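Look through the structure below before reading on. The report starts with the contact between two chains and then turns to one of them.

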Amino acid sequence: MKVECAFVVNGEPVCVDVAPAARLVDVLRGPLGLTGTKEGCGNGECGACTVLVDGEPVNACLFPVLEVEGREVTTIEGIGGPGGALSPVQEAFVRHGGIQCGFCTPGMIVTATSLLRSNPDPSDDEIRDGLRGNLCRCTGYVQIVDSVREAAKAMREEGADE
Amino acid sequence: MSELRHVGRESVRPDAADKATGRAHYIHDLVRPGMLHGKVKFSEHAHARIVHIDTSRAERLPGVRAVITAYDTPEVRIGFLRDNFALKRDKVRQYRDEVAAVAAIDPEIAAEAVELIRVEYEPLGAVFDPVEAMAEGAPLVHEVDARGRPVESNVLQLTVGHESGDLAAAERASKHIAEGEFSTPLIQQSCMGTAGCIAEMDVRGNLTIWAKTQIPFLAQRDFNRALEDMGLPGRNARVIVPTLGGGFGTGLDTHAYEFIAILLAHRTGRPVKMLYTREEEFANLSPRQSSRTRIVQGCDADGRLTFRRMEVLQDNGAYTSWGATFPTVMLLPATSLYRVGAVKFDARIVYTNNTYCQAMRGYGNPEVTWPIECTLDELAEQAGIDPFELRMRNRNEPGEVTPMGARVTTCGLGECLEGAAEKLDWKEKRGKQRNARRGVGMASLIHVGGSGRIYRSDGGGVILKLDDYGNVNVSYGGVEMGQGLHSALTLTVADALGVLPERVHINPTDTATCPWDVGTHASRGAFIACNAAIRAANEARRRLFEMAAEVYAQEVARNAESHRRKNPGWTQPDVFLPALCRPEAFDLRDSWLFPKSRPDEPWLRIELGRLLRALHFRGEKGQVIVEEAFYEPPSELPDWDRGMGNMSACYTYGVQGVEVEVDEDTGEVRILRAVSAHDVGRVLSPQALAGQIYGGFAQGVGYAMYEEVRSVEGRIANPSFTDYKIPTAAEMGFPVDVVIVETDDPAGPFGAKGIGEPGLVPTAPAIANAIYDAIGVRIHDLPITPEKIVAALAARRRETPPSR
């Protein structure tokens with residue numbers, strides 16, 4: 001048995017038929033084709049599937065899709081600007097080596113984006129604390145923390161220019 | 001070759017933007033038309049006879065397309081010693097043995113079907129301890145070897161030994177001797193992207209497999225052999241490598257799940273995808289081997305090392321992977337880390353009913369560097385010499401030939417030691433902070449820097465294909481798994497050929513289009529690929545310049561004409577063009593061809609794409625440029641029984657140091673800062689290099705302080721990230737200084753040595769030595785948990801009651 005679920009994903013309204021117990025990650029990656037969201041553990045431990053629901057980061061592998069009914073979901077595909085433009089956080093990860101195998105990267109960037117919205121000028125400890133739910137096996141986190149720090153700086157400078 | 005304009009300078013990964021936007025495609029994301037989903041039924045016993053398998057209920061489940069067992073499929077033998085099978089027949093030897101498999105139209109149905117399979121077992125006596133497994137009368141894990149010959153012992157016939165120098169005399173001449181037993185645990189590689197593959201057969205029986213592998217060509221060989229076993233001789237396996245969510249050694253073998261996918265694809269005529277969940281990955285993907293090592297080493301009164309004896313025992317688990325050859329790499333630090341005149345090294349590896357093990361980053365090196373570097377500090381203490389000073393006195397030097405015959409071409413160990421000591425304020429801090437329960441410690445490493453020859457070819461090839469638009473398409477058969485191989489290769493091709501890095505495009509790794517390569521291991525990717533690329537680029541330049549001489553005059557005339565049109569007052573300088581139309585007169589730099597003698601005159605410069613079109617579109621003389629070069633490093637396949645041979649084209653060195661603070665009440669160790677100093681030969685990509693060093697160090701911290709796959713009577717007891725802890729950003733909240741030493745090795749591409757693995761090799765002993773400096777207790781068994789520290793402190797208190 002399937003039920004209809006209507007929500008907004010990356011700014012576009014969608015309506016999909018889903019199994020009532022379906023997880024958000026499966027609906028995003030399956031019928032919606034948004035494979036940028038990765039599933040690393042299926043258990044809420046690694047953060048690779050992090051997406052924003054009404055601006056708040058959640059693990060899409062634990063999140064029932066019916067709970068996004070009528071809400072706004074942002075995935076890694078919706079983090080950047082139109083036409084493939086990179087967001088300041090994405091740009092900083094690219095430039096400062098915050099990416100190796102890249103499997104944790106979408107979740108890491110979504111979490112970092114949310115972190116910088118609530119704290120535009122975080123200390124390195126605050127960045128590390130904010131990212132503790134996102135595991136990375138490649139980088140040792142040093143260049144990830146560099147990336148988030150530099151993204152924060154770039155966003156503050158951009159904000160000051162306006 | 002042109003001058004270096006890109007190698008060694010800051011640049012970004014070619015795949016970074018795709019990964020940052022979710023556009024990189026991993027095996028998890030790939031779908032083939034008509035694709036089915038496979039699932040494995042694993043054993044429920046560590047050692048048991050299979051009495052009966054009932055698949056009837058699974059077969060009747062709607063959506064199931066095939067259920068297979070060893071009893072209804074051809075026997076497909078797998079593994080380094082061919083002691084393993086895709087599906088098990090007669091008996092299971094470990095909990096994760098594959099007894100049946102299902103293909104269904106979706107993963108949920110496949111999982112449900114597997115639950116419906118009933119297997120009747122007759123349990124057998126099992127053995128889980130490698131020492132007990134060697135005892136007489138221990139249950140045999142294998143009764144016969146791969147050729148059907150009876151086996152009498154669980155000890156594998158894979159011996160690596162070494163003996164050099166006069167050990168007895170050296171031991172007598174020693175003033176100080178340190179000895180002990182040390183152990184390392186099972187470690188889960190913990191790739192963020194779990195294992196998986198898609199197998200697809202054409203009607204003629206040829207296979208295409210998208211595989212999460214580090215060894216596309218050895219995998220092709222294994223899969224071709226399986227096709228033969230399946231009654232499809234002479235058919236071919238094409239291996240395509242998608243974006244990898246980490247490797248760390250998990251891709252050095254072909255795995256049963258891959259052969260099961262092939263069997264299911266063959267049975268159903270449909271593509272079949274297998275994908276491990278995280279729990280399956282923890283429970284069913286081979287971890288790094290555990291080890292127990294007994295070491296004795298000595299030094300004279302001046303602290304000069306006199307001899308070293310090491311005996312290693314490894315638990316193989318139930319089957320044999322390439323990881324069983326860890327001792328081939330252990331041999332290097334055992335014989336060649338510091339100058340030691342007399343060395344004895346023996347390694348034994350034993351079958352048990354535990355999960356079978358495979359490779360991981362460092363490949364045996366951390367396992368033996370751990371006891372060497374811990375006992376080195378003990379020798380320093382006995383001799384009353386500063387541990388840094390003791391290391392300096394015994395450091396390796398260029399020109400040295402080590403006891404195993406390793407020829408040291410370049411060596412920056414001394415500079416690394418000095419760099420690490422300086423960053424740690426060693427002289428001010430060592431032995432002086434015990435009141436604050438703080439201490440510093442360091443440990444060194446040697447590793448293969450110019451690949452490590454453990455196979456009859458250790459080479460790799462590169463194809464450079466130049467197109468009509470000035471693009472350079474690069475095909476290399478090794479694997480980018482996150483480490484930055486493509487960063488280094490892009491910069492190398494750019495400089496070696498003389499093109500802009502953005503015109504260099506690295507093709508996906510595919511055995512159908514890339515030249516052979518032995519695989520991405522032994523820190524060899526950039527070393528081999530860049531060496532091959534430089535050779536191919538040199539040949540491409542030679543041909544390009546030769547042909548350019550034929551069209552240059554005509555192209556310059558077009559330039560002059562256009563220049564005149566745009567600048568009416570311009571008169572063409574008096575240049576004797578025939579003198580410039582010679583192959584040796586040209587240079588190519590950042591995608592422009594120009595005469596070496598007149599590099600700055602725009603009308604004499606031809607853009608590469610235009611030049612290539614001019615060479616292509618000229619009637620019967622038309623040519624395109626595709627160059628291939630195969631690079632086989634100058635090294636020797638060692639004689640393993642004697643443990644002798646120069647296994648690498650060069651060797652890399654490094655030193656890690658940490659400062660720690662220990663809470664004696666809780667046993668908690670806090671790292672205050674760290675330094676990782678490495679002789680890298682030459683920096684190719686600074687960003688990728690730093691990433692390898694930081695990332696290796698973090699894995700080293702996990703290995704040292706908390707990671708351990710717990711196996712209880714053969715069953716993995718902690719198959720999740722909640723119960724198997726890897727470092728998070730919060731744990732890595734201390735500064736890590738990186739010291740880079742460039743020694744410009746003659747065998748390296750632009751002088752570079754491999755740097756993929758060294759970052760985790762000496763981390764554990766550096767931390768252990770710092771803990772000793774802080775609180776005076778030494779832990780011998782990794783990981784160094786708070787419980788072990790508290791227990792060691794309690795034991796010391798019992799031995800030496802506080803004075804009243």
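In this predicted model, chain B puts 43 residues into its contact with chain A, and chain A puts in 46 residues. On the side of chain B that touches chain A, the elements giving two or more residues are α1 (16–21) and α18 (686–705) of chain B. The most comes from α18(B), which gives seven residues. The table sorts this side of chain B by residue class.

| Class, side of chain B touching chain A | Count |
|---|---|
| Nonpolar | 20 residues |
| Polar | 18 residues |

How confident is the prediction? The model has an ipTM of 0.98 and a pTM of 0.97. For chain B the mean pLDDT is 97, with 99% of the residues at 70 or more.

Next comes chain B as a whole. Its secondary structure consists of 20 helices and 30 strands. The C-alpha trace of chain B extends about 100 × 75 × 45 Å along its principal axes. A compact globule of 804 residues would have a radius of gyration near 28 Å, and chain B has 29 Å, so the two agree. Of the 804 residues in chain B, 58% are buried. When contacts in chain B between residues at least 6 apart in sequence are taken, 81% of them join residues at least 24 apart.

Which residues touch the most other members of the largest nonpolar core? They are Ile260(B) and Ala533(B), in a core of 306 residues. Helix α15 (residues 525–566) of chain B supplies the largest share of this core, with 16 residues. Apart from neighbours within four places in sequence, the contacts of Ala533(B) are Val462(B), Val474(B), Leu489(B), Thr492(B), Val493(B) and Ala496(B).

Helix α10 of chain B covers residues 365–383, which is 19 residues. Is α10(B) mostly covered or mostly uncovered? It is mostly covered, since 16 of its 19 residues are buried. After α10(B) comes Gly384(B), which has a positive phi, near 70°.

Note on methods:
Residues numbered from 1 in each chain as written. Chains lettered and ligands numbered in written order. Predicted model: local features only at pLDDT ≥ 70, side-chain atom pairs only at ≥ 80, totals over all residues. Helix = DSSP H or I, 4+ residues; strand = E, 2+ residues; numbered from the N terminus. Expected span 1.5 Å × (residues − 1). Buried ≥ 20, exposed ≤ 12 C-beta atoms within 10 Å, placed from the backbone. Contact = placed C-beta atoms within 7 Å. Nonpolar A, V, L, I, M, F, W, Y, C, P; charged D, E, K, R; others polar. pLDDT = per-residue confidence, 0-100. Core = buried A, V, L, I, M, F, W, Y, C linked by C-beta atoms within 7 Å. Rg over C-alpha atoms; globule rule 2.2 N^0.38 Å.
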